[in-house]
Amino acid sequence: VVVATLPFFQPLIDVMESKFALLKLWEADDKTAFLKENADKIRGLAGNATVGASAEVIDVLTNLEIVSLYSVGFDSVDLVKCRERGIVVTNTPGVLTDETADLAFALVLATMRRVCAADRYVREGLWALKGDFPLSYKVSGKRFGIVGLGRIGSAIAKRAEGFGCSISYYARSKKSEYAYHFYDSVLELAKNSDILVVACALTKETTHIVNRDVLNALGPDGTLVNIARGPVVDEPELVRALVEGRLGAAGLDVFENEPHVPKELLSMDNVVLQPHAGSATWETRSAMADLVLRNLEAHFSGKPLVRLVM
Ligand code: 8YV
């Protein structure tokens with residue numbers, strides 16, 4: 001018996017239903033009661049970046065053997081508990097790298113060139129009525145800062161290279177395989193960037209790593225893009241910086257309290273918003289689904305797992 005936390009991708013739900021006895025957690029009114037009722041039987045959990053396996057869920061599921069994630073991020077899983085209990089955790093790295101880096105770059109371009117606001121201007125008939133749309137900002141050749149130079153961060157850097165940007169990054173340590181400029185503090189990186197893209201994992205250390213000081217350092221001519229996790233950025237401080245004009249613009253795919261977005265952002269033309277869609281294409285979501293399934297099947301047939309977090 002496998003429990004899926006959300007209906008993340010219908011073709012995956014369909015195929016899991018054909019291969020396992022699938023329980024649908026999202027359909028239960030009282031989720032804890034539902035898990036308790038089925039705890040004896042549940043051996044696998046398919047989760048994602050939004051609903052994974054919290055400490056509470058793991059405590060209830062006493063026979064759980066595997067958490068197979070439909071995401072690369074595993075911040076929705078209590079890894080300490082899983083390790084204690086010997087529960088294996090798998091994820092979907094690699095297959096979503098290009099897609100997420102593409103969306104990061106789409107956000108850089110859309111935000112700085114005001115693509116969405118200009119589109120609204122045309123649709124609302126304002127071009128004919130009021131004349132040219134206000135000028136936007138150049139992307140090519142700018143100072144490009146990346147927080148986190150993992151798979152996705154380095155794929156974003158590769159794209160920025162194509163735009164002739166000078167590239168710097170912050171990471172826990174310098175990566176000798178890249179010639180990009182390394183800063184050992186996000187604040188220093190922000191001081192020396194026109195565009196700051198957040199591409200790191202969410203951990204205790206990275207929570208609110210983009211704080212008021214970092215936003216001030218990026219400044220009124222700076223652009224922040226976040227395709228990582230909402231809580232990496234101090235969201236109330238981000239909203240304040242945008243409202244007070246201390247930060248130039250923001251392109252956001254992720255938020256602190258998804259799917260809720262601070263209402264102040266909704267009316268800002270210097271902000272572009274996405275509904276956590278970094279990996280959301282048919283091609284990538286199919287590849288992610290394939291990994292989720294292959295990991296579950298490998299585990300239950302005693303074969304080596306395809307992708308393993310721990
Ligand atoms: C997904 C993600 O949005 O992989 C991740 O870490 O955040 C995303 O790919 C999500 O898990 C899809 O449901």
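This is a conversation about reading the features of one predicted model.

Biologist: What should I keep in mind about numbering and confidence before I start?

Modeller: Residues are numbered from 1 along each chain as its sequence is written. The model is predicted, so local features need pLDDT of at least 70 and side-chain atom pairs count only at pLDDT 80 or more, while totals for chains, interfaces and linings use all residues.

Biologist: Okay, domains. Which domains does the assignment give?

Modeller: Domain bounds come from an automatic or database domain assignment. Here the assignment gives domain 1 as 2-95 + 281-300 and domain 2 as 97-273. The C-alpha centres of domain 1 and domain 2 lie 31 Å apart.

Biologist: How many residues does each domain put into the contact?

Modeller: Two residues are in contact if their C-beta atoms, placed from the backbone, lie within 7 Å. By that rule, seven residues come from domain 1 and seven residues from domain 2. For the make-up, Ala, Val, Leu, Ile, Met, Phe, Trp, Tyr, Cys and Pro count as nonpolar, Asp, Glu, Lys and Arg as charged, and the others, Gly among them, as polar. The side of domain 1 that touches domain 2 has one nonpolar, five polar and one charged.

Biologist: Now the ligand. Which residues are around it?

Modeller: A residue is near a molecule if its C-beta atom, placed from the backbone, lies within 6 Å of it. That picks out Phe8, Asn48, Ala49, Tyr70, Ser71, Val72, Gly73, Leu96, His276, Gly278 and Ser279. This shell divides into five nonpolar, six polar and no charged residues.

Biologist: What does isoleucine 146 touch?

Modeller: Not counting residues up to four places away in sequence, isoleucine 146 touches Gly153, Ile156, Ala157, Ile167, Tyr169, Val197 and Ala199.

Biologist: And helix H8: how does its reach compare with what's expected?

Modeller: Helices (H or I, at least four residues) and strands (E, at least two) are DSSP runs, numbered from the N terminus. The expected span of a helix is 1.5 Å times one less than its number of residues. H8 (residues 151-162) has 12 residues and reaches 17 Å from its first C-alpha to its last, close to the expected 16 Å. Its buried residues are Ile152, Gly153, Ser154, Ile156, Ala157 and Ala160. What covers them includes H5, strand E6 (143-147), strand E7 (166-170) and E9. After H8 comes glycine 164, with a positive phi near 70°.

Biologist: Which residues other than glycine have a positive phi?

Modeller: Arginine 114 is one, with phi near 55°. It lies in the loop between H5 and helix H6 (115-123), and it counts as buried because 21 other C-beta atoms lie within 10 Å. Histidine 208 also has phi near 55°, in the loop between strand E9 (195-198) and helix H10 (212-218). Histidine 208 is partly exposed, because 15 other C-beta atoms lie within 10 Å.

Biologist: Why does threonine 206 count as buried?

Modeller: Threonine 206 has 21 C-beta neighbours inside 10 Å, so it counts as buried. It is found in the loop between E9 and H10. Leaving aside neighbours within four places in sequence, threonine 206 is in contact with Cys200, Ala201 and Val232.

Biologist: One last thing: where is the cis peptide bond?

Modeller: The bond runs from glutamate 258 to proline 259, with omega near 5°. Proline 259 lies in the loop between strand E11 (249-252) and strand E12 (271-273).

Methods
A residue is buried if 20 or more other C-beta atoms lie within 10 Å of its own, exposed if 12 or fewer, and partly exposed in between; C-beta atoms are placed from the backbone.
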